Amino acid sequence: MSAYEPPGAAENQAAEDQAERLEAAENQAAGGRLSFEEYLAQYGTLTYRNKGGSMLPLLVQDRDLFTLAAKGTERCKKYDVVLYKGSGGSYILHRVVKVRGDGYIIRGDNTYFDEFKTDSDIIAVMVSCVR
């Protein structure tokens with residue numbers, strides 16, 4: 001007799017496993033951390049816990065996990081959630097609200113401020129989230 005697994009249990013476990021791999025990878029480099037860019041280049045995807053409230057109600061801080069895939073040469077689409085570095089060097093996860101020929105207008109779901117970013121600014125695109 002096999003044990004019952006609720007729908008999504010395998011995906012949740014896979015996301016937790018990848019989050020643990022990320023933590024181990026962050027601590028491996030001579031006491032330093034891999035950047036998100038380095039991690040994505042090495043593993044292709046990254047699963048992380050949300051920090052901050054700018055993407056409420058989609059992502060809740062310290063509760064939700066999200067998975068990112070490295071951005072390729074393709075253009076982002078309206079409503080994609082993308083990772084980029086802010087002017088202070090911190091990583092920011094916000095949504096594309098308008099696609100323009102030369103870039104994107106991006107805003108957090110829980111913010112009122114728009115930012116303009118180009119394809120070269122965008123590091124990764126969110127492919128899933130787990131609550």
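Below, each label is set against its cut-off, for a model that is predicted.

Me: What makes the pair of Phe36 and Tyr48 edge-to-face?

Reply: Look at the angle. The ring planes stand at 70°, and over 60 degrees counts as edge-to-face. The ring centres are 5.0 Å apart, within the 6.5 Å that a pair needs. So the pair is edge-to-face.

Me: Where in the chain do Phe36 and Tyr48 sit?

Reply: Phe36 is in helix α2 (residues 36–43) and Tyr48 is in strand β1 (residues 45–49). They are twelve residues apart.

Me: Why is Phe36 called buried?

Reply: Its relative accessible area is 11%. Buried means under 20%, so Phe36 is buried. Tyr48 has 22%. That falls between 20% and 50%, so Tyr48 is partly exposed.

Me: Why is the pair of Phe36 and Tyr91 called tilted?

Reply: The planes are 35° apart. Stacked needs under 30 degrees, and edge-to-face needs over 60. Phe36 lies in helix α2 and Tyr91 in strand β4 (residues 91–100), so the pair ties together parts 55 residues apart in sequence.

Me: Which residues do ring pairs link into a cluster?

Reply: Phe36, Tyr48, Phe66 and Tyr91.

Me: How do you know that Asp62 and Lys51 form a salt bridge?

Reply: Their closest N and O atoms are 2.7 Å apart. The cut-off is within 4 Å, so the pair counts as a salt bridge. Side chains of opposite charge can pair when their charged atoms come close.

Me: Is Lys51 buried or exposed?

Reply: Lys51 has 56% relative accessibility. Exposed means over 50%, so Lys51 counts as exposed. Asp62 has 46%, so Asp62 is partly exposed.

Me: What makes Arg131 and Asp64 a salt bridge?

Reply: The N to O distance is 3.6 Å. That is within 4 Å, so the pair qualifies. Arg131 lies in the segment after β7 (122–130) and Asp64 in the loop between β1 and β2, so parts 67 residues apart in sequence are tied together.

Me: Why does Asp64 count as buried while Arg131 counts as exposed?

Reply: Asp64 has 0% relative accessibility, under the 20% limit. Arg131 has 55%, over the 50% limit. So Asp64 is buried, and Arg131 is exposed.

Me: How many salt bridges are found in the whole structure?

Reply: Ten. Arg63, Asp64 and Arg131 are linked in a network of salt bridges.

Definitions and conventions. Residues numbered from 1 in each chain as written. Predicted model: local features only at pLDDT ≥ 70, side-chain atom pairs only at ≥ 80, totals over all residues. Heavy atoms only, no water. Phe/Tyr/Trp six-rings, centres within 6.5 Å; stacked < 30°, edge-to-face > 60°. Helix = DSSP H or I, 4+ residues; strand = E, 2+ residues; numbered from the N terminus. Buried < 20%, exposed > 50% of the residue type's maximum accessible area, 1.4 Å probe, protein only. Salt bridge = Lys/Arg side-chain N within 4 Å of Asp/Glu carboxyl O.
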